[in-house]
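Thank you all for coming; I would like to walk you through one model this morning.

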Amino acid sequence: MVMRTYDENTVIVFDTTLRDGEQSPGATLSSAEKLEIARQLSRLGVDVIEAGFPAASPDDLKAVQRIAREVGTPDGPTIAGLSRALEGDILAAWDGVREAAKPRIHTFLGTSPSHLAMLRIDKDEGLQRIREAVTLAKSLCVDVEFSPMDAGRTDTEYLIQACAVAVEAGATTLNIPDTVGYVMPTEWAETLEMLINETPGAGPGSGVIWSVHCHNDLGLATANTLAGLKKGVRQVEVTINGIGERAGNTSLEEVVMSIQTRKAYYGLRTNIDSTQIMKTSRMVRNYMGMPVQANKAIVGANAFAHESGIHQDGVLKNAETFEIMMPEDVGLTQSKLVLGKLSGRHALRVRLRELGYEIDGEELIEIFKRFKDLADVKKTVTDADLEALVADEAAQKPEDHFRLVDIQVACGTMGLPTATVKMINQDGEEFIVASVGTGPVDASYRAIDEIIQAPSVLLEFNVHSVTEGIDALGEVTVRISPENSNRTFGGYGADSDIIVSSVKAYVAALNRMISSLGIGDVAPEGEAATVGLTSTS
Ligand code: KIV
Ligand code: ZN
């Protein structure tokens, strides 16, 4: 367990993966997945988890409440709920977080000219709304954070007034967002310096924590966040893998590893256990179906790979020649669990627990079976393999509308690629469809489309191997969008057969789409096929 300690050089890590991150196109999570990610964020050592936006929907509220109850323990992180500066939102946010040992209400109001115009209020009315919102939040919760949204395009004088009003009304954290990713590091540093020194009641020694929340539209989110730290900012709002609205938010791993790697330059510390970074990154990637680009700093597949001969030679002689961090620092280990046919369920359970997964009962039986099958075909089963199996199991849920039962494909240079897919729906009805396509994945997806009849467009398809070697597990992430809508849904699948992974990922994304939009009713019996369909129930 992480021991969180604080002094004037501690940077508070406020993670908004479950709120701003979940606003990434296609990143919808179930409440069980949110809880699992929140548990992992707690193990990672984040100080604050922004668990969601409770006023957004009853499901969001329930997910925040569950995280507050189960992860917001006295030795765990603060649990924050987001709210607009509206009474209903603030009450919902409090309803969401009240059961946490350390609850926080985070309320915001747009302060830039375009945001005030959108709200149809002038600057004075804006200040009045901030006062009322923070006063109400403070009457419910000791810990209140205020954000002047779109601060990056708000004049500094008005920002100072807005922050002063928020502090006077009881805000203890002032978070300055660059909502549209517009600012440049040096100008942002100057703005923050001015705010920190000139906001009445919020200067150095006042006890108020200054925070930044940057978006990455110009690729400067990390640089802007770090620029703030040099000026006295002591809270950073970040997401795992940098996911978030549009180009995303500041990435947790980049900021934390900058502080850690350049300790002498910043003179700061965090409570993050950096060895948990890779695991958290993989979990978020898998659950959200959002691939991480190979050259992404810290967590990309190539982040610690050395290709050129000169680099390889240098690293072999002395890792420091070309490496500023050790792969182990971020939890990239070569640890291998060698379990074969004779290995027991207990050993697997213990290793999974060490990896941070509490898995019991039916789920353990299922993962054990998959593990044995994998151990049969693969000489060594690594931690990354186990994580992929767990993620794959988590991606197929009991409440899914459709489940894959079997798949068989025929492909190659002779004849048309053909797939036969057998699926079962929630009512236990079985469907078998055979279809042809341009390749085995296309043929399989066509067969699934005929069964599920939820028209969608495949936006993204990524396949990647979990480990090196020809016998590796293949992971697939897909993103789909319903026809006539710009909402997107992600899915993940892992198997030693990449056609099976591809199909699982697609079915997972379709199930998400159906759960969320309520479309894709089962095709009436007899209607579900044009090529060799049999409904066997
Ligand atoms: O980007 C933004 O301004 C936000 C606020 C709600 C903090 O996400
Ligand atoms: Zn944001």
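This is a predicted model: local features need pLDDT of at least 70, side-chain atom pairs count only at pLDDT 80 or more; totals for chains, interfaces and linings use all residues.

**Rings, ligand and chain contacts**

I begin with a group of rings: Tyr445, Phe461 and Tyr506 are linked into a cluster by ring pairs, where the rings of Phe, Tyr and Trp (its six-membered ring) pair if their centres lie within 6.5 Å, and planes under 30 degrees apart count as stacked, over 60 as edge-to-face and the rest as tilted.

Residues are numbered from 1 along each chain as its sequence is written, chains are lettered from A and ligands numbered from 1 in the order in which they are written, and side-chain values use heavy atoms, with hydrogens and water left out.

How many aromatic pairs does the ring rule give? The count comes to four aromatic pairs. In one of them, the ring centres of Tyr265 and Tyr266 are 4.9 Å apart and the planes stand at 80 degrees, so this pair is edge-to-face. Tyr265 is partly exposed at 45% relative accessibility, whereas Tyr266 is buried at 16%; buried means under 20% relative accessible area, exposed over 50%, and partly exposed in between, with a 1.4 Å probe and protein chains only.

Tyr445 and Phe461 also make an edge-to-face pair, with 6.4 Å from centre to centre and 70 degrees between the planes. This pair links distant parts of the chain, since Tyr445 belongs to helix H16 (residues 440–452) and Phe461, 16 residues apart from it, to strand E14 (residues 456–465); helices (H or I, at least four residues) and strands (E, at least two) are DSSP runs, numbered from the N terminus. Tyr445 is buried at 6% relative accessibility, and Phe461 is partly exposed at 34%.

Charges also meet rings here: the charged end of Lys230 sits over the ring of Tyr265, 3.8 Å from its centre, and that of Lys279 sits over the ring of Tyr357, at 4.2 Å, the rule being that NZ of Lys or CZ of Arg is within 6 Å of the ring centre and within 35 degrees of the ring normal.

Let me turn to the ligand. Which residues surround ligand 1? Among them are Arg19, Asp20, His106, Phe108, Ser147, His213 and His215, each having a heavy atom within 4 Å of the ligand. Oxygen atoms of ligand 1 lie 2.9 Å from a side-chain N or O atom of Arg19, 3.1 Å from one of His213, and 3.0 Å from a polar side-chain atom of His215. The protein covers 95% of the 250 Å² of accessible area that ligand 1 has on its own, by the Shrake-Rupley method with a 1.4 Å probe. Strands E4 (103–110), E5 (144–149) and E6 (173–178) each give two or more residues to this shell.

Methods: A polar contact is a pair of N or O atoms within 3.5 Å; within protein, one must be able to donate a hydrogen and the other to accept it, and residues adjacent in sequence count only if both atoms are side-chain atoms.
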